[in-house]
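Please look through the sequence and the structure below before reading the comments.

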Amino acid sequence: MINVIKVSSELDIAERRLPQGGRMRRRAGGRAFDLRVQTQPALHGEHTVIRLLPQDTRLLTIEDLGFDAELAASYRRLLDHPSGLVLVVGPTGSGKSTTLYAGLQILARDATRKVLTVEDPIEYSIDGVQQSQVKPEIGFSFADAMRSFVRQDPDVILVGEIRDGETALEAMRASQTGHLVFSTLHCNDAVDAVQRLLDLGMHPNTVASELLAVLAQRLARRVCDGCRVLATPDPELLAELWPKGDAPADFRCFVGEGCARCGGHGTYGRIAVVEYLPTGPEVRRGIAHRMPIDELRELALRSGLRTLRDTALALVRSGAIPLRELRDMLSVERMGG
């Protein structure tokens, strides 16, 4: 079975000692799928993970993501900036690319702005956007693409992921030369993204001057609208969220009882839970002075940081997500505020 998968995704069937990555396309049930294949050597043979990406799925808009009015307006405002760096961060599978694609759709409708992307791989094709795919085997990496892009007279550049110091440096340079740059990072929250850039060798003054905002996000299961009912909060969860016992008297939560629409699960679809960090003057000064991460987080909170906890609790109270989802997206430390 492993060899069949390898042949279909153009991998080397004789190589069983090293991890390999490939892709293939298949149709099933009248739908087209792009399959991303990753093999991993293990003690007893090889393991394979296949990621399914439906190609006929409609791209989500900002409204579809579940952003509230204030956050959606902030995101749209970022798209209008003439230059700067915007990061969407979070773990694998947290919807970072989907959030970026929602913004790209808006940019693509503006014929006066040239938009270039370099991705690994190109997940969805967008009309009006010039998309490129990295090819490390021929020496075309994210950093190589960035160096080429700035000579193509773009207005907006999307870098699929900042993985190393070289790519981070080219993203900063592109921002400094008058381009709006969007990218993703793998880190835990918005403030950690600043530390990640510094760890990649970026100068604090450069990060402070170029970073416009950071969106850190997770995906949460959405309560099914067809069977949503008011529920009694779990006392253990309440104790974690409010260790001092000062939970709001009017706090409420909802669950799905299970119906035909959600197949008895009580949840249907997913929604983005976003932490939004705008880099105002105070935060910029903190970054430039390389303030310790805990102190920078406190400063960010005073300067308007919307935390994952705050956003998630608002979604719980509105009936969008069940209370139990908070344990899947927040650490023990962050659960308590």
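The numbered points below go from the whole chain to single residues.

1. The model under review is a predicted one, and the points that follow should be read with that in mind. The protein contains 14 helices and twelve strands. Its radius of gyration is 22 Å, close to the 20 Å that the globule rule gives for 337 residues, so the protein is as compact as a globular protein of that length.

2. Taken along the principal axes, the C-alpha atoms fill a box of roughly 60 × 55 × 45 Å, and 47% of the 337 residues count as buried. The accessible surface comes to about 16900 Å², with 51% of that area belonging to carbon and sulfur atoms. Among the contacts with a separation of 6 or more, 67% are made by residues 24 or more positions apart.

3. An open sheet of seven strands, with mixed pairing, runs in the order β6-β5-β7-β8-β4-β9-β12. Its edge strands are β6 (130-133) and β12 (267-278), each of which pairs on one side only. On average, and with direction ignored, neighbouring strands of this sheet are turned by 20° against each other.

4. Within the sheet, strand β5 (residues 115-119) pairs with strand β7 (residues 156-159) in the parallel sense, over four bridges. Across this pairing, Val118 stands opposite Val159 in β7.

5. Which helices lie across these strands? Helix α4 (residues 96-108) lies across β4 (84-89), β5, β6, β7, β8 (180-185) and β9 (211-223), and runs at about 165° to β8. Helix α5 (residues 142-149) lies across β5, β6 and β7, running at about 165° to β5.

6. Is Val159 buried or exposed? Val159, a residue of strand β7, has a relative accessible area of 0% and is therefore buried. Leaving aside residues up to four places away in sequence, Val159 touches Val118, Phe142, Met146, Thr167, Val181, Phe182, Ser183 and Thr184. Ala145 is 14 residues from Val159 in sequence, and their C-alpha atoms are 8.8 Å apart in space.

7. Gln131 has its place in strand β6, and with a relative accessible area of 19% it counts as buried, because the cut-off is under 20%. A polar atom of the Gln131 side chain lies 2.9 Å from the backbone nitrogen of Ile126. Not counting residues up to four places away in sequence, Gln131 touches Tyr101, Thr117, Glu119, Ile122, Tyr124, Ser125 and Ile126.

8. Val7, which is found in helix α1 (residues 2-8), has a relative accessible area of 54% and is therefore exposed. Between Val7 and Gln131 there are 124 residues of separation in sequence and 27 Å in space, C-alpha to C-alpha.

9. Helix α12 (residues 308-318) has as its buried residues Leu308, Arg309, Thr311, Ala312, Leu313, Leu315 and Val316. In an α-helix there are 3.6 residues a turn, so residues three or four places apart point the same way. The buried residues of α12 pack against β9, α9 (235-241), β11 (253-256), β12, α13 (326-329) and α14 (332-335). The residue that follows α12 is Gly319, with a positive phi near 85°.

Technical notes
Residues are numbered from 1 along each chain as its sequence is written. This is a predicted model: local features need pLDDT of at least 70, side-chain atom pairs count only at pLDDT 80 or more; totals for chains, interfaces and linings use all residues. Side-chain values use heavy atoms; hydrogens and water are left out. Two strands pair if DSSP finds at least two bridges between them. Helices (H or I, at least four residues) and strands (E, at least two) are DSSP runs, numbered from the N terminus. Axes are lines fitted to C-alpha atoms, for helices over the stretch in contact, and angles run from 0 to 180 degrees between N-to-C directions. Contact means heavy atoms within 4.5 Å. Buried means under 20% relative accessible area, exposed over 50%, partly exposed in between (1.4 Å probe, protein chains only). The radius of gyration is taken over C-alpha atoms; the globule rule is 2.2 Å times the number of residues to the power 0.38. Accessible areas come from the Shrake-Rupley method with a 1.4 Å probe; for residues, only the protein chains shown count as cover. A polar contact is a pair of N or O atoms within 3.5 Å; within protein, one must be able to donate a hydrogen and the other to accept it, and residues adjacent in sequence count only if both atoms are side-chain atoms.
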